[in-house]
Amino acid sequence: MNNIAAIFKKEFRSYFNSPIAYIFITFFLALSAWFFFRGFFLVGQAVMRGFFSWVPWIFLLFIPAVTMKLWAEEKKIGTVEILMTLPIKDYEVVIGKYLASFSLLGVTILLSLSIPITVAYLGEPDGGPILGGYIGLFLMGAAYLSIGMFTSTITENQIIAFILGIVMCFALLIIGEDIVLFNAPNWIVPIFSYLGLGAHFSSILRGVIDSRDLIYYFSVIGFFLYLSILMVTVQKWR
Amino acid sequence: MIEVINLTKRYGPTVAVDNVSFDAKAGEVLGFLGPNGAGKTTTMRILTCYLSADEGTAKVAGYDVFEESIEVRKRIGYLPESAPLYTDMGVIDYLKFIAQIRDIPKSQRSQRIKDVVDICGLEKMIQKDVGELSKGYRQRLGLAQSLIHDPPILVLDEPTSGLDPNQIIEIRNLIREIGKEKMIIFSTHILPEVSATCSRILIINDGQIVANGTPDELAGRAQGEEVVHISIRGPRAEIEAKLEELTLISDFKRVKSDDGVCGYQIMSQKGKNTAEELFHFVVQNHWSLTELRQEAISLEDVFRQLTGNESATQLTTP
């Protein structure tokens with residue numbers, strides 16, 4: 001626990017010691033607010049559907065940017081050699097780093113609460129979908145983060161980690177879309193539609209928190225965290 | 001304290017460490033010597049649990065590096081080559097971070113940090129970011145992080161590479177000072193460094209240990225041969241023809257030739273009074289002697305012979 005806390009503190013501070021955290025927060029808030037308010041007054045309804053439908057796409061670009069340095073940078077400059085020879089278990093490092101990136105995401109998402117506050121001030125929104133939407137954002141962001149961290153463990157090049165992260169998140173996001181399912185062989189359709197991240201997100205958006213969706217998100221997160229730990233361990237056996 | 005038995009590590013077809021065995025006791029300063037790419041770093045990485053080996057076992061302080069890796073890591077302080085540090089952290093933050101993972105109780109942390117800052121001469125740098133430090137100070141900070149938990153064993157990979165001569169001497173003194181209390185393994189390819197600091201030397205070449213002993217023992221190994229430098233004023237062709245005929249010497253090599261003075265490096269068997277004989281040889285031929293000096297056989301010669309680079313082959317072929 002102590003080790004996870006040490007890694008967490010170091011990584012979280014390192015986000016704020018460099019411009020990454022500020023750029024991430026500023027651009028996320030600016031982009032999401034713009035996409036939201038662009039349609040908000042035209043529709044004239046106190047709903048946040050526009051916001052929640054845009055955020056998955058914004059996350060797609062921003063989250064791999066947050067996670068790309070987690071391992072790739074350590075390997076590039078060699079600090080991983082000191083880190084992994086400290087008396088610390090591989091999974092503690094992975095979890096510590098993951099929690100740090102999750103906290104940065106958490107701070108960002110909480111700062112975007114200015115949008116629902118505005119909506120509540122201007123009208124009388126239905127709280128259910130908004131609360132569901134926010135829970136969905138956390139879950140989806142957490143899933144993207146675990147994928148992004150995994151792609152960072154497999155390379156020492158941050159750009160490669162970034163692009164692979166986008167590609168993998170994108171694949172998971174669209175895999176359940178109708179256009180993909182339409183062209184896929186029949187036997188694979190139920191698998192794809194279950195694996196598709198977008199479908200699970202839209203069911204949470206309706207304000208329904210289904211245990212199947214929760215299990216889905218936690219499985220994705222657990223799977224990629226496990227793969228990350230595996231990669232970190234395997235690299236000792238090069 | 002360290003026991004390595006038949007360690008082998010391969011990277012694909014290349015064998016980086018080939019069946020290496022050695023041991024080291026408490027209180028020793030062990031120098032790993034070898035040309036670049038000889039397997040020094042790989043051996044150290046295995047001992048510090050950063051890499052696994054393909055075959056063999058290694059024990060540090062009685063713990064197996066593969067089975068009880070965490071226990072081993074607790075007892076080792078490690079400074080990798082070129083001191084990789086987090087450049088976006090403050091010097092103090094960095095040491096605090098290491099101290100926390102090293103499980104130093106909170107109440108003692110600031111005292112320990114102060115201690116290592118003192119030992120490594122970092123007092124003036126504690127307000128700075130790691131990224132602002134010069135190479136020499138980064139090396140010191142790397143050393144400070146390896147010392148923070150007061151480990152019984154220190155592993156330092158080329159601690160003096162890339163430093164200026166003054167910094168090299170400072171780091172060397174530091175190693176000697178710390179070596180009084182701890183066991184240290186350090187690698188280098190700079191020869192005077194080991195004679196200056198080590199109590200024992202391991203010479204590694206192509207992944208194998210080719211020599212293991214105290215600096216004096218190793219220097220003694222090359223004592224079968226003697227090298228004499230001589231400069232003679234006289235006709236070059238004639239001198240060389242006569243030198244060829246001389247049975248006393250096993251080989252000679254011209255090292256300079258100008259203004260009618262020829263300088264030679266002469267190899268011969270030990271204990272034959274080569275210098276004296278050469279003096280008579282010059283007098284008999286009515287040339288004049290401008291220089292005659294016997295070269296002390298150094299570690300350098302042993303190193304060159306054992307690691308077999310080009311100049312060593314020239315030296316030893318008759």
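These legends go with close-up views of a predicted model. Local features are kept at pLDDT of at least 70 and side-chain atom pairs at pLDDT 80 or more, while totals for chains, interfaces and linings use all residues. Residues are numbered from 1 along each chain as its sequence is written, with chains lettered from A in the order in which they are written.

**View 1. Chain B as a whole.** Here we've got 12 helices and 14 strands (DSSP runs: H or I of at least four residues for helices, E of at least two for strands). The C-alpha atoms fill a box of roughly 80 × 45 × 35 Å along the principal axes.

**View 2. Where chain B meets chain A.** Each chain puts 19 residues into the contact (C-beta atoms, placed from the backbone, within 7 Å). On the chain B side, α2 (69-75) and α3 (91-101) each supply at least two residues.

**View 3. Around B:His189.** This residue sits in the loop between β8 (183-188) and α7 (191-197) of chain B. B:His189 counts as partly exposed because it has 18 C-beta neighbours inside 10 Å (20 or more would be buried, 12 or fewer exposed). Skipping neighbours within four places in sequence, B:His189 is in contact with B:Leu33, B:Gly34, B:Pro35 and B:Asn36. B:Pro35 is 154 residues away in sequence, yet its C-alpha lies 5.9 Å from that of B:His189.

Note on methods: Two residues are in contact if their C-beta atoms, placed from the backbone, lie within 7 Å.
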